[in-house]
Amino acid sequence: MRPTTGDDDVARLFASRTEPIHDLADHAGTVAAACHAMAVRFHQGGKLVVFGTGSASTDALHVAVEFVHPVIVGKRALPAISLTADIATVTGLAARDGMGSIFAHQIHYLAGPTDIALGICADGGDESVLRGLVSAHEMGMLTIGMVGDSGTTGRSAISQSAAVDHLLTARSADPRIVKEVQVTTYHLLWELVHVFFEQPGVLDPEVVR
């Protein structure tokens with residue numbers, strides 16, 4: 001017999017995840033638009049540059065390996081790097097110039113105008129992620145911000161930034177749920193980029209193969 005103690009808590013925990021996932025589904029067009037723009041940049045020879053701090057730094061690594069080394073056999077590998085992988089560079093920049101500089105500096109020297117910048121942040125207020133996106137935008141890169149937002153405390157700095165071409169938001173104040181939605185979101189980015197690659201005539205014919 002199933003225990004009844006704590007059933008309300010169990011139901012609440014599952015319910016707290018339902019609305020953010022439904023919200024993500026409601027914004028399928030927003031996600032698809034970002035993926036199409038990414039696919040165009042990849043076709044034109046660009047690479048994906050991913051970054052985030054704290055737990056998002058490991059998400060950046062996860063995203064990069066998904067594109068470079070697809071887990072699904074037969075999918076093409078696409079160029080991607082994480083700006084969180086080089087600990088010597090990250091800590092050196094942080095010590096000399098402050099945490100806010102760690103991604104903007106790397107983007108200036110490692111990326112180009114045809115590339116894609118994907119900044120990941122749980123609350124949308126991380127200065128280093130914002131400055132990285134601003135630097136990327138100034139260079140002409142495609143910029144995508146992946147943030148969390150409860151919708152009750154006003155828009156975050158990244159959400160309000162004109163430097164963000166595509167904003168993908170996890171609607172929750174709980175950082176654990178934000179993380180879960182963001183993992184789903186970047187898996188969708190990978191899948192839909194490949195969908196656009198596989199549809200004849202969807203992308204510009206002037207591509208790098």
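Is aspartate 59 buried or exposed? At 5% relative accessibility, aspartate 59 counts as buried. The legends below describe close-up views of a predicted model.

View 1. Aspartate 59 is part of helix α3. Leaving aside residues up to four places away in sequence, aspartate 59 touches Ile120, Lys179, Val183 and Tyr186. Its relative accessibility of 5% is under the 20% limit, so aspartate 59 is classed as buried.

**View 2. The open sheet of five strands.** The strands run in the order β2-β1-β3-β4-β5, with parallel pairing. At the edges are β2 (80-82) and β5 (166-170), each of which pairs on one side only. From one strand to the next, the twist averages 15°. Strands of a sheet pair through backbone hydrogen bonds, either parallel or antiparallel.

**View 3. Strands β1 and β2, with helix α3.** Three bridges join β1 (residues 48-51) to β2 in the parallel sense. Valine 50 has serine 82, in β2, as its bridge partner. Helix α3 (residues 55-68) packs on the sheet and touches β1, β2 and β3 (116-121). The direction of helix α3 makes about 160° with that of β2.

**View 4. The buried residues of helix α5.** Helix α5 covers residues 102-110. Its buried residues are Ile102, Phe103, Ala104, Gln106 and Ile107.

View 5. Val10, Leu13 and Phe14 make a nonpolar surface patch of about 300 Å². Leucine 13 is located in helix α1 (residues 7-26). With a relative accessible area of 40%, leucine 13 is partly exposed.

**View 6. The salt bridge between arginine 17 and glutamate 180.** The whole structure holds 10 salt bridges, and one of them joins arginine 17 to glutamate 180. The closest N and O atoms of this pair are 2.8 Å apart. Distant parts of the chain are linked here, since arginine 17 is in helix α1 and glutamate 180 is in helix α8 (residues 175-198), 163 residues apart. Arginine 17 is partly exposed, with a relative accessible area of 26%. Glutamate 180 also counts as partly exposed, at 35% relative accessibility.

**View 7. The salt bridge between arginine 131 and glutamate 127 in helix α6.** In this pair the closest N and O atoms are 3.4 Å apart. Because arginine 131 and glutamate 127 are four residues apart in helix α6, about one helical turn separates them. An α-helix has 3.6 residues a turn, so residues three or four places apart point the same way. Arginine 131 is partly exposed at 37% relative accessibility, and glutamate 127 is partly exposed with a relative accessible area of 47%.

**View 8. The salt bridge between aspartate 149 and arginine 171.** The closest N and O atoms of aspartate 149 and arginine 171 are 3.4 Å apart. This pair links distant parts of the chain, 22 residues apart. Aspartate 149 is in the loop between β4 (142-148) and α7 (157-160), and arginine 171 is in the loop between β5 and α8. Aspartate 149 is buried, with a relative accessible area of 10%, whereas arginine 171 is partly exposed at 34%. A network of salt bridges links Asp23, Asp149 and Arg171.

Definitions and conventions
Residues are numbered from 1 along each chain as its sequence is written. This is a predicted model: local features need pLDDT of at least 70, side-chain atom pairs count only at pLDDT 80 or more; totals for chains, interfaces and linings use all residues. Side-chain values use heavy atoms; hydrogens and water are left out. Patches are made of residues with over 30% relative accessible area and no salt bridge: like charges are joined within 9 Å, nonpolar side chains (Val, Leu, Ile, Met, Phe, Trp, Tyr) within 5 Å. Accessible areas come from the Shrake-Rupley method with a 1.4 Å probe; for residues, only the protein chains shown count as cover. A salt bridge is a side-chain nitrogen of Lys or Arg within 4 Å of a carboxyl oxygen of Asp or Glu. Helices (H or I, at least four residues) and strands (E, at least two) are DSSP runs, numbered from the N terminus. Buried means under 20% relative accessible area, exposed over 50%, partly exposed in between (1.4 Å probe, protein chains only). Two strands pair if DSSP finds at least two bridges between them. Axes are lines fitted to C-alpha atoms, for helices over the stretch in contact, and angles run from 0 to 180 degrees between N-to-C directions. Contact means heavy atoms within 4.5 Å.
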